[in-house]
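Open the model in your viewer and keep the selection tool handy. We will go from one stop to the next, and at each one you will find a note on what to select.

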Amino acid sequence: MPAPRPLQLAVAYGAALLAFLAIDALWLAVLMQETYAQALGPLLAAQPRWTPAVLFYVLYLLGLLVFAMAPALRAGSGRRAAALGGLLGLVAYGTYDLSNYATLQAWPLALTVIDMAWGSVLSATAATAGYLAASRLVRNVSA
């Protein structure tokens with residue numbers, strides 16, 4: 001397949017970002033808030049630092065675009081988007097959590113395992129959402 005067009009890449013990024021933000025907000029604020037509070041206690045800031053949070057989302061989704069969605073669009077494969085997105089999530093979240101587990105005395109192993117699984121599932125889902133939105137755009141524009 002030909003290289004993805006700039007509009008396709010923009011749509012993939014935007015759709016993946018929206019999916020990632022919505023699902024991660026639910027995860028952090030509703031499903032896991034108490035777990036993180038119990039596991040990390042005094043390590044947690046009273047309020048999130050929004051600038052680094054925004055930078056994380058912008059940069060991480062750029063990584064999903066480059067390493068998962070663009071290759072999937074070139075291959076015409078949603079499965080590739082999910083697989084590469086999941087792998088990137090496992091690597092990125094694993095880097096963070098395993099480093100914390102290795103260096104921080106109170107960092108729990110259970111949280112490391114949960115976060116790595118979450119990063120993989122969330123990244124696969126967001127990359128797939130971005131791929132589907134961008135691939136549908138091409139079909140609609142080509143028709």
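Contact here means heavy atoms within 4.5 Å. This is a predicted model, in which local features need pLDDT of at least 70 and side-chain atom pairs count only at pLDDT 80 or more, while totals for chains, interfaces and linings use all residues. Residues are numbered from 1 along each chain as its sequence is written, and side-chain values use heavy atoms, with hydrogens and water left out.

**Stop 1: the core.** Select Leu61, then show Tyr13, Ala16, Leu17, Phe20 and Met69, which Leu61 touches when residues up to four places away in sequence are not counted. Which residues of the largest nonpolar core touch the most other members? They are Phe20, Tyr60, Leu61, Leu64 and Met69, out of 29 residues in that core. Helices H1 (6-31), H2 (33-40), H3 (50-75), H4 (78-103) and H5 (109-142) each supply at least two residues, and H3 gives the most, with nine. A nonpolar core is a set of buried Ala, Val, Leu, Ile, Met, Phe, Trp, Tyr and Cys residues joined through side-chain atoms within 4.5 Å; buried means under 20% relative accessible area, exposed over 50%, and partly exposed in between (1.4 Å probe, protein chains only). Helices are DSSP runs (H or I, at least four residues), numbered from the N terminus.

**Stop 2: the aromatics.** Now colour Phe20, Phe56, Tyr57, Tyr60 and Tyr93, which form one aromatic cluster. Rings of Phe, Tyr and Trp (its six-membered ring) pair if their centres lie within 6.5 Å; planes under 30 degrees apart count as stacked, over 60 as edge-to-face and the rest as tilted. The structure holds eight aromatic pairs. One of them, Phe20 with Tyr60, is tilted, at 5.5 Å centre to centre and 45° between the planes. This pair links distant parts of the chain, with Phe20 in H1 and Tyr60 in H3, 40 residues apart. Phe20 is buried at 0% relative accessible area, and Tyr60 is buried at 7%. Phe56 and Tyr60 are stacked, at 5.4 Å and 20°. Phe56 is partly exposed, at 34% relative accessibility.

**Stop 3: Leu88.** Select Leu88 in helix H4. Leaving aside neighbours within four places in sequence, Leu88 is in contact with Tyr60, Gly63 and Leu64.

**Stop 4: Thr112.** Finish in helix H5 with Thr112. Is Thr112 buried or exposed? Thr112 is buried, with a relative accessible area of 1%. Beyond residues up to four places away in sequence, Thr112 touches Asp97, Leu98, Tyr101 and Trp107.
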